[in-house]
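I opened the notebook to record a few helix contacts and ring pairs. The entries follow the order in which I looked things up.

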Amino acid sequence: MEDYFQEAGRAGRDGLPSTCILIYTFEDRLKILNFITRIEDPNQRSLQSKLLDSIVKYCMLSDCRRVFMLTYFGENPVNLKPCRNGCDNCQNPKQSVPKDCTDISIQAFDCITSMSTSITKISLKQAAFTLKGSKSKDILKNNFHLVPQYGLGKAKLKSERQAIRFFQLLVVDGYLEENLWDHMENTTTPFLTLTGKACDVKNGLEIVVLDL
């Protein structure tokens, strides 16, 4: 976030209207994560992971980006108002609003656990498609359609794209962790694991609110 804030700020230093375009896909996160996992110092590795998640949250945001950025740098969000026309989200407001996703999140956590009994390393896409009830070749081949949670998210997750975004948000908000598996030379594959926050949700100690 610090680097982006500085780079974006350069565009408006002459006082003239300017546009900053950030090109992003969630898969970009894995490329950076691959470098972070190779950092030997555990404290530095943890710090860099948190910094990475902050910029990913910024990219996936549907609310005012200015408010998010100023809050990140220590401003009190209570005192901040949306920029109205300064970011793409304010220019084109999305219809979605944050929702209580605790129930479906617990289903997602249980789904990953059930899937892991047959294949230990479950990808984000596999988990998303299983909870959505997809009949893709990969799901049927690995018998994921037989797990108890198969299709339980069909009512809330209207499309496979939304199902993938749902799991991405669980990763970014720290309920799931995407680890990298070095299974071949110069080849890494991401897989999901539950975090302590997921356990807190399952134990009724925390609720999950997401903007789907």
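How close do the axes of helix α7 and helix α9 come, and at what angle do they cross? I noted first that this is a predicted model, in which local features need pLDDT of at least 70 and side-chain atom pairs count only at pLDDT 80 or more, while totals for chains, interfaces and linings use all residues. Residues are numbered from 1 along each chain as its sequence is written, and side-chain values use heavy atoms, with hydrogens and water left out.

**Entry 1: α7 and α9.** I found that the axes of α7 (residues 124–132) and α9 (residues 160–172) come within 9 Å and cross at roughly 125°. Helices here are DSSP runs (H or I, at least four residues), numbered from the N terminus. Axes are lines fitted to C-alpha atoms over the stretch in contact, with angles from 0 to 180 degrees between N-to-C directions. α7 and α9 are therefore oblique to each other; oblique is what remains after under 35 degrees (roughly parallel), over 145 (roughly antiparallel) and 65 to 115 (roughly perpendicular). I listed the residues in contact (heavy atoms within 4.5 Å). On the α7 side they include L124, F129 and L131, and on the α9 side they include I164, F167 and V171. By class, this contact has 10 nonpolar, one polar and two charged residues. The classes put Ala, Val, Leu, Ile, Met, Phe, Trp, Tyr, Cys and Pro under nonpolar, Asp, Glu, Lys and Arg under charged, and the others, Gly among them, under polar.

**Entry 2: α3 and α9.** I looked up α9 again, this time with α3. Their axes are 10 Å apart and the helices pack at about 145°. D53, V56, K57 and M60 of α3 make the contact with R165, Q168, L169 and V172 of α9. I counted four nonpolar, one polar and three charged residues by class.

**Entry 3: α4.** After α4 comes G74, with a positive phi near 105°.

**Entry 4: rings.** I found five aromatic pairs, a pair being rings of Phe, Tyr or Trp (its six-membered ring) with centres within 6.5 Å. F5 and F73 have ring centres 4.8 Å apart and planes at 50°, so I wrote them down as tilted (stacked is under 30 degrees, edge-to-face over 60). F5 lies in α1 and F73 in the loop between α4 and α5, so the pair ties together parts 68 residues apart in sequence.

How values were computed:
Helices (H or I, at least four residues) and strands (E, at least two) are DSSP runs, numbered from the N terminus.
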